[in-house]
Amino acid sequence: MALAAGTGSGPLAEECFGWAVRYAAYDERADRGVELPRERWVPVRRDTVFDLASLTKLCTTMVALRAVERGLIALDGRVAGYAPECTAAAEHGITVRQLLTHTSGLIPELPLYEEDGRERALARLAAEPPATPPGTARRYSDLNFLLLQRVVERSAGQPLDRLVQETVTGPLGMADTRFNPPASWLPRIAATEDQRRPWGKLDRGMLRGVVHDENAWALGGVAGHAGLFSTAGDLAVLCRALLAGGRPVLSAESTELMLTAPGLGFEVDQPWFMGELAGRGAAGHTGFTGTSLVVDRARGAYLVLLATTVHPRRRPGDSAPRAAAATALARALD
């Protein structure tokens, strides 16, 4: 695990624990990992690169809000006005704001990885109707950010990976953050899962350097809901920018809207992973692989935790360590 905590003025703690690579496989009969020879274990270091999973949604959100600032899209504009191929969104009048607040009514996910190729997967996504009327209930869904990806790509005329680089990572100097990391990064990338059925959705074996999320992988590794890789240090840079009002990524007005309840893309005041940082407007997110980020503007502080809790295989989620770390930071600051 890599931890980065600090304030707007700089780091308070940057620590590394455990192993980025330890297992060759998972033995389902013994219900334990098959360890690599000890000399092949790789410790977590400050430059270890992790699969961010759903923390990707935060960068997609910033790309979308930058598009709003540029007048390319409107928060209450209809998805179909920017991506007319999204036929179900057109029929039900889903808006950009509903995607960002998870109030579109869409179900949490679809098995897009079952489709024969990217275009068929996107066609299935475009045709998926909401399960409840848009705007009536909140249901967290990866599909919201896959549709948001279509909106920003169509409106800007560029793919999401380029938009993230031009909008977020480039201006902030986040050189260790990108989709589809190159082979040269592999020695410092943390492994994720021995991904096989029945615990996984595909049979891909031990994953390292390729996205863990099955749908993101099926879409070529670049997806609005998952696919980014990064380091704790890079995400700390992002957190400090948000604490400073969002520049140079977003205006102060957009940042305020994004981080204020109910939040756009960000979750607000969620003690289940924010511990005692929650309660005064803290905003953040988690990722399935074991990642989390919290920005607490009331205290002027941030906390980044990057781990691979799916190595060597996924287990039921446990956010108690996230909440405990956040509580420890809150108490230290208070």
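Keep in mind that the model is predicted: local features need pLDDT of at least 70, side-chain atom pairs count only at pLDDT 80 or more, and totals for chains, interfaces and linings use all residues. Residue numbers start from 1 along each chain as its sequence is written, and side-chain values use heavy atoms, with hydrogens and water left out.

**Helix H9**
- H9 covers residues 232-243 and reaches 16 Å from first to last C-alpha, close to the 16 Å expected at 1.5 Å a residue (that is, 1.5 Å times one less than its number of residues; helices are DSSP runs of H or I with at least four residues, strands runs of E with at least two, numbered from the N terminus).
- The helix is largely enclosed by the rest of the structure, because 9 of its 12 residues are buried (under 20% relative accessible area with a 1.4 Å probe, protein chains only).
- Among those buried residues are Asp-234, Leu-238 and Cys-239.
- Just after H9, Gly-245 has a positive phi of about 105°.

**Annotated span**
- An unreviewed UniProt entry labels residues 38-324 "domain: Beta-lactamase-related"; such annotations may be inferred rather than shown by experiment.
- That span is 35% helix and 11% strand, with its end C-alpha atoms 31 Å apart.

**Largest pocket**
- Its lining takes in 38 residues, with Gly-287, Phe-288, Thr-289, Gly-290 and Arg-322 nearest the centre.
- S13 (283-287) is one of the elements supplying at least two lining residues, and S13 gives the most, with 3.

Methods
Buried means under 20% relative accessible area, exposed over 50%, partly exposed in between (1.4 Å probe, protein chains only). On a 1 Å grid over the protein atoms alone, a cavity is a set of points where a 1.4 Å probe fits but cannot get out, and a pocket is an open set with protein on both sides within 12 Å along at least five of seven lines; lining residues have an atom within 4 Å of a point.
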